[in-house]
Amino acid sequence: MKLLKCEVCGSSELTKNSDGLFICDFCGAKYTLEAVQTMLKDNKIDISGSSISIDKSSQLRSFVQAAADACAGLLYDDAARYAQQALDINPNNPDALFVMALYFRSVGDENKYNNYCFRANKYPSESLGLVT
């Protein structure tokens, strides 16, 4: 199931248990068959042109929301992990960049804090509006 990714942590390692639930091997999130089918359906495949691209906007939104929630709870290590997963999908997402800035401020790295703040302000039109 390498096409299926956990919406919480981004892991592609999900295992189906005896009750028919899919469980993320990394974070333990549980998904019903219906949820898995929806997740697969949400990853729309565009076959126009000569290349294939997968729409990962729902994954991006999930990672940014998880990062924002972790940041609001002052769980900056978790917030940075989720923000990095969002940045793996869209390196210019200002919400994820801002969360990374907050993480680096929390660990006392003012240079990286300033760098991420600058980058976040550079791409305001790509904001999902989840981090304010």
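Student: Is the crossing of α2 and α4 left-handed or right-handed?
Tutor: Please bear in mind that this is a predicted model. The axes of α2 and α4 come within 10 Å and cross at roughly 30°. Angles under 35 degrees count as roughly parallel, so α2 is roughly parallel to α4. As for its hand, the crossing of α2 and α4 is left-handed.

Student: Which residues of α4 meet α2?
Tutor: From α2, the residues taking part are Val64, Ala67, Ala68 and Cys71. By class, this contact has seven nonpolar, no polar and one charged residues. On the side of α4, the residues are Asp95, Ala96, Val99 and Leu102.

Student: Is Ala96 buried or exposed?
Tutor: Ala96 lies in helix α4, which spans residues 94-106. Leaving aside residues up to four places away in sequence, Ala96 touches Val64, Ala83, Ala86 and Leu87. Buried means under 20% relative accessible area. Because the relative accessible area of Ala96 is 1%, Ala96 is buried.

Student: How far apart in space are Ala96 and Ala79?
Tutor: Along the sequence, Ala96 and Ala79 are 17 residues apart. In space, taken from C-alpha to C-alpha, the distance between Ala96 and Ala79 is 9.0 Å.

Student: How many residues in the contact of α2 with α3 are nonpolar, polar and charged?
Tutor: The crossing of α2 and α3 is left-handed. Among the residues making the contact are Leu60, Phe63 and Val64 of α2, together with Tyr76, Tyr82 and Ile89 of α3. By class, the residues of this contact divide into 13 nonpolar, two polar and one charged.

Student: Does Gln85 count as buried or exposed?
Tutor: Gln85 is found in helix α3. Not counting residues up to four places away in sequence, Gln85 touches Val8, Cys9, Gly10 and Phe63. The limit for a buried residue is a relative accessible area under 20%. Because the relative accessibility of Gln85 is 18%, Gln85 counts as buried.

Student: Where is Leu74, the residue with a phi near 60°?
Tutor: Most residues other than glycine have a negative phi. Leu74, by contrast, has a positive value, near 60°. Leu74 is exposed, with a relative accessible area of 59%. Its place is in the loop between α2 and α3.

Student: At what angle do α4 and α5 pack?
Tutor: Helix α5 comprises residues 110-122, and its axis is 8 Å from that of α4. The two helices are roughly antiparallel to each other, and their crossing is left-handed. The angle at which α4 and α5 pack is about 165°.

Student: How many charged residues does the contact of α4 with α5 have?
Tutor: Residues of α4 in this contact include Leu97, Phe98 and Arg105, while those of α5 include Glu110, Lys112 and Arg119. By class, the contact has eleven nonpolar residues and no polar ones. The number of charged residues in the contact of α4 with α5 is four.

Student: Which residue forms a salt bridge with Glu110?
Tutor: The structure holds one salt bridge, and its closest N and O atoms are 3.6 Å apart. Glu110 is partly exposed, with a relative accessible area of 37%.

Student: What pattern does the chain follow along the sequence?
Tutor: The chain has five helices and five strands. Read along the sequence, they give the pattern β-β-β-α-β-β-α-α-α-α.

Student: What percentage of the residues in the chain are buried?
Tutor: Among contacts between residues at least 6 apart in sequence, 40% join residues at least 24 apart. The chain has 132 residues, and the buried share of them is 34%.

Technical notes:
Residues are numbered from 1 along each chain as its sequence is written. This is a predicted model: local features need pLDDT of at least 70, side-chain atom pairs count only at pLDDT 80 or more; totals for chains, interfaces and linings use all residues. Side-chain values use heavy atoms; hydrogens and water are left out. A crossing is left-handed if the near helix is turned anticlockwise from the far one by less than a right angle, and right-handed if clockwise. Helices (H or I, at least four residues) and strands (E, at least two) are DSSP runs, numbered from the N terminus. Contact means heavy atoms within 4.5 Å. Ala, Val, Leu, Ile, Met, Phe, Trp, Tyr, Cys and Pro count as nonpolar, Asp, Glu, Lys and Arg as charged, and the others, Gly among them, as polar. Buried means under 20% relative accessible area, exposed over 50%, partly exposed in between (1.4 Å probe, protein chains only). A salt bridge is a side-chain nitrogen of Lys or Arg within 4 Å of a carboxyl oxygen of Asp or Glu. Axes are lines fitted to C-alpha atoms, for helices over the stretch in contact, and angles run from 0 to 180 degrees between N-to-C directions. Angles under 35 degrees count as roughly parallel, over 145 as roughly antiparallel, 65 to 115 as roughly perpendicular and the rest as oblique.
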